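Let me put the sequence and the model up, and then I'll walk through the parts I liked.

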Amino acid sequence: ASSDCEEMLISFAIASGNFTYCTIRNARPITLCKKCVKTYLTVRQIYKDISGLKDRGGESCKDELFNLDRLQAVDAGFKYVRDLWARASCDSCFVLDSSGCPTTVLTAAVQEILNISVILSSCVDTYHNGSAVPDVVTCKACGDDYSKLNNLYNSIKANNGEINYCMDIIDLINSTRSEWSGTLGCCNDRRKPELIFLLSSAAVSILSALFYLMAYAFTAKKEQKLLHQNRWSEGTSVQR
């Protein structure tokens, strides 16, 4: 390969390596879409440049680096980057340009969720009492912020579908819900169905017990009545 193509190949290797490193660093909690978008766009641009670049002799770098490489390492490397980005549905985090490529600008909905999340986290940090579960003070003080965040996400999910939405946001919401219901014990929307279920179960059990008691009492009374009638009949027969 010519020096121009080799330089481009080195740039691609460095960029794809940087992207891989970035995704590993931001895989837990998942923030790879927001944190790695610049390195992702760099990989895309270099791959595009390689596809259109010609060396000083007029030969296509694509032919030199792609078609003559039996392992197809460049194609495989780009496919890995592209597939990982797609699995996290990262495109849906950002405003897209006219060609459908993501920019570095977050969508209004994603930015709003992140803003509310920061407010909620600040509220929890201010009021949280680590020894109290449920943490009634925090639940009351931060409940409106949590509801606002949860309702906004639910409305977005209804329009986009959870599977095809920005993984950064899905992970953020899941961890927030886990902390709210588990660590803080504030999840009223889960407690109410559980309470209704328990009360309903108790009511059914009580009604069933009353039914069997009434049935038993009725049966016992009927048996006593029949026994009394039989004795009366036997007494009458003896007198005759």
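Quick bit of bookkeeping: helices here are DSSP runs of H or I with at least four residues, strands are runs of E with at least two, and both are numbered from the N terminus. This is a predicted model, so local features need pLDDT of at least 70 and side-chain atom pairs count only at pLDDT 80 or more, while totals for chains, interfaces and linings use all residues. Residues are numbered from 1 along each chain as its sequence is written, and side-chain values use heavy atoms, with hydrogens and water left out.

So, let's start with D168, which is in helix α7, residues 167-183. D168 is buried, meaning under 20% relative accessible area; exposed is over 50%, and partly exposed is in between, with a 1.4 Å probe and protein chains only. For the charges, Lys and Arg count as positive, Asp and Glu as negative, and His and the chain ends are not counted. A salt bridge here needs a side-chain nitrogen of Lys or Arg within 4 Å of a carboxyl oxygen of Asp or Glu.

What the D168 side chain does reach is backbone: the nitrogen of L32 at 3.4 Å, and the nitrogen of C33, which is 3.2 Å from one of its polar atoms. Those are polar contacts, that is, N or O pairs within 3.5 Å where, within protein, one atom must be able to donate a hydrogen and the other to accept it; residues adjacent in sequence count only if both atoms are side-chain atoms. Using heavy atoms within 4.5 Å as the contact rule, and not counting residues up to four places away in sequence, D168 touches I30, T31, L32, C33 and K34.

Let me zoom out. The chain has 8 helices and 2 strands, and from the N terminus the order is α-α-α-α-β-β-α-α-α-α. It has 240 residues, and 30% of them count as buried. If you take contacts with a separation of 6 or more, 62% are between residues 24 or more positions apart.

Now the aromatics. Rings of Phe, Tyr and Trp (its six-membered ring) pair if their centres lie within 6.5 Å; planes under 30 degrees apart are stacked, over 60 edge-to-face, and the rest tilted. That rule gives 7 aromatic pairs. Take F19 and W85: the ring centres are 6.4 Å apart with the planes at 50°, so that pair is tilted. F19 sits in helix α1 (residues 3-25) and W85 in helix α4 (residues 73-87), so the pair ties together parts 66 residues apart in sequence. Both of them are buried. Then there's Y47 with F78, where the centres are 3.9 Å apart and the planes at 5°, so this one is stacked. Y47 is in helix α2 (residues 32-52) and F78 in α4, so here the parts tied together are 31 residues apart in sequence. Y47 and F78 are both buried too. There's also a cluster, made of F19, Y40, W85 and F94.

What about charges that do pair up? We get 2 salt bridges. D83 pairs with K79, with the closest N and O atoms 2.8 Å apart, and with R82, where that distance is 3.9 Å. K79, R82 and D83 are therefore linked in a network by the salt-bridge rule. D83 and K79 are 4 residues apart in helix α4, so about one helical turn separates them. D83 is partly exposed at 24% relative accessible area, K79 likewise at 45%, and R82 at 39%.

Most residues other than glycine have a negative phi, and most peptide bonds are trans. The R28 to P29 bond is cis, though, with omega near -10°, and P29 is in the loop between α1 and α2. V133 and P134 are also joined by a cis bond, omega about 0°, with P134 in the loop between α5 and α6. And S89, not a glycine, has a positive phi of about 50°. It lies in the loop between α4 and β1 and is buried at 12%.

That's my tour, thanks!
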